[in-house]
Amino acid sequence: MEENDLIKVTTVTTEECEKAIKKEKEDIFEENQDAEICNLIAIDTETEAFDKKLGITPRNAKMIGLSLSQDGVLADYSTDKKSWAFLMPDDEQTVIFHNAKFDFGVLRRAGLPVPQKFEDTLIASHLLDENNAHGLKLLAKKHLGINDPVTFNEADKMRLLDPEVFAEYARNDARYTFRLWEKFRTELDKQELKEVYEMEKQLLPVVMAMETHGMKIDTDSLAAISLEVKAESARLKSEIFDLAGMEFELNKPLSVGVVLFDKLGLKCPKQTAKGARSVDSESLKEIAHPLAVKILEYRSIDKLANTFIKVLPKFADENGRIHPEFKPLGAATGRFSCADPNVQQIPNKSELGKAVRRAFICDAGNKLIVADFSQMELRVLAHYSQDETLLKAYCTGGETDLHTITAQKIFAKEDVDKNERGIAKMINFGIAYGITDVGLYRRLTATGITTTQGECKRYIDDYFKTYKGVHKFLKKVKETIQKRGYVKNFFGRRRRLKGFSSREIRQAQNFIIQATSADLVKRAMVALAGKLPEGAQLISMIHDELIIECRSDHAEAVLKIVVEVMQDTPEGFTVPMPVDAKIVDCWADAK
DNA sequence: TACAGTAGCGCG
DNA sequence: AAAGCGCGCTACTGTA
């Protein structure tokens, strides 16, 4: 209550504001001798409400107000456009945001300067607690003891009826942000997260540029594929109905189950989480009935048609470019996630999938540089485990195929066939996920390899006999998570897990590998941004792969820079990270 | 009509 | 009890 009395409701006009702000700054400076605190200011931009139907998104929402707080108690809010430029702090000041990526975009669209020095409570919150949500009101409740923070929707309803309600809401956003940063900055220090935090900060402008530039797609070719796919899917559908001897609703798991298990009397090999008869691809593969095979074929085409071919053109702007949202903190492991559209799940395996990738092109006169780390996670595993065999394969140079080596060890012979190499490959990748004999058996059978659970147990046992260092490493991570309740990756990023269940132990083990890989790529992205020539632009990241678009006559030089930057490992990292890079005209040609 | 949950599946 | 980590998207289902 006292706090509210302190707050003078100010309606700032253009003429007054410059003077008023100057005076306020001086007042606070007198009260507070801590120069660093004085140089801090929290800012929040307010925009019109997002509305999918009206096409108002975080990417284009118009700025309607600016709130500022220099101490977490006093705050201003202005809806007067002309005042914003005056209110914005100078470049000497450090500006605190909650989600700077969003506010930067809003400020830029409003023609306002984007602060040079900034902090971000959203990044901090993610690094300090990767397991929970990070909404500003939620954090205010949790860390500042605010009882019932007014939500945006509540305030927005009152915006025109009673502008002061909305103004107070906006001022509170700036106050909360300021006060959260006071808490988070010390906590980041305590948990030795400053280095990761700084990297995430440096990454922000890189990601923004990536999103702004976007990826060029060939909408014509997608339209052509769409026609073919429609015909093919109709053909498959009628074949399926012929085989079944009836028509049914192909997209309903329940209906598929009725046909397979009730009408044809086939046995259901698997149940869903809720106990229903599962008709997923693993189940259908095991059934192996001609009808099941056709349904699988139909599904893969239907999936690609509905998720990619039909949808991608809708995301294209007037230049034929899509602008996916890349979220640097979208995953608990520090990996990016991606949405609208998610280009991290663009098909890669089937022929139809490759046709989709062929639609990812570049502007005339340009080329794409597609660069990916080779066997990244296995190399990170080699670094962590310091396993003799892994290090020998990855550090001594020359051509080595780890999957063949593993196969040779497991099957105890020099000449291994394709099948045996395939088993070894699955184990090599599965290890980083904490695979069990049950899991290995299921996956090998799903790929069409005949084996038994007992045999799989022997494979895994033999793997660990060979890769003793890997076994030791996984054991150590297990002990750490059980003892401490958190684990750290190479850069100090944390994952907090109780470590009680086998699942949590696997998550901890995988985190070390996945998170270290993710941060190596983030580090490369930051470094790359400063080194690319004018006109060359990062346009996408797919976990261990970066895509750059540049002028054709720069392509050779850019490729060299990209490979050099990506391959540069940090001090103390013991395994080389080779990069495969290609100059191509479309994404599909990279493979 | 809106939203949450489930099943299934695309990627690394 | 589940049995491989991390995501987002679509279609369907159930509820209000």
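Some conventions first. The model is predicted, so local features need pLDDT of at least 70 and side-chain atom pairs count only at pLDDT 80 or more, while totals for chains, interfaces and linings use all residues. Residues are numbered from 1 along each chain as its sequence is written, chains are lettered from A and ligands numbered from 1 in the order in which they are written, and side-chain values use heavy atoms, with hydrogens and water left out.

I start with helix H5, residues 100-109. Helices here are DSSP runs of H or I with at least four residues, strands are runs of E with at least two, and both are numbered from the N terminus. Eight of the 10 residues in H5 are buried, where buried means under 20% relative accessible area, exposed means over 50%, and partly exposed is in between, with a 1.4 Å probe and protein chains only. Among the buried ones are Phe102, Phe104, Val106 and Leu107. The buried residues of H5 pack against strands S1, S2, S4, S5 and S8, and against H10.

How do H5 and H10 cross? Their axes come within 10 Å, at roughly 60°; axes are lines fitted to C-alpha atoms, for helices over the stretch in contact, and angles run from 0 to 180 degrees between N-to-C directions. The pair is therefore oblique, given that under 35 degrees counts as roughly parallel, over 145 as roughly antiparallel, 65 to 115 as roughly perpendicular and the rest as oblique. On the H5 side the contact uses Ala100, Lys101, Phe104, Gly105 and Arg108, and on the H10 side Leu204, Val207, Met208, Glu211 and Thr212. Contact means heavy atoms within 4.5 Å.

Asparagine 99 is partly exposed, at 27% relative accessible area. After the helix comes glycine 111, with a positive phi near 75°.

The second pair is H21, residues 453-466, and H22, residues 468-484. These axes come within 4 Å and cross at roughly 100°, and the two helices are therefore roughly perpendicular. Tyr463, Phe464, Lys465 and Thr466 of H21 meet Lys468, Val470, His471 and Leu474 of H22.

Now the cores. A nonpolar core is a set of buried Ala, Val, Leu, Ile, Met, Phe, Trp, Tyr and Cys residues joined through side-chain atoms within 4.5 Å. The largest has 163 residues, and Phe360, Met525 and Ile548 have the most contacts inside it. Helix H23, residues 502-529, gives the most to this core, with 12 residues. Beyond four places in sequence, methionine 525 contacts Leu203, Val206, Met210, Phe336, Leu538, Met541 and Leu546. A separate core of seven residues includes Ala155, Ala167, Tyr169 and Ala170.

Two more backbone items remain. Most residues other than glycine have a negative phi, and most peptide bonds are trans. Where is the cis peptide bond? It joins aspartate 340 and proline 341, with omega about -5°, and proline 341 is in the loop between S9 and H15. Histidine 543 has a positive phi near 65°. Histidine 543 lies in the loop between S14 and S15 and is partly exposed, at 22%.
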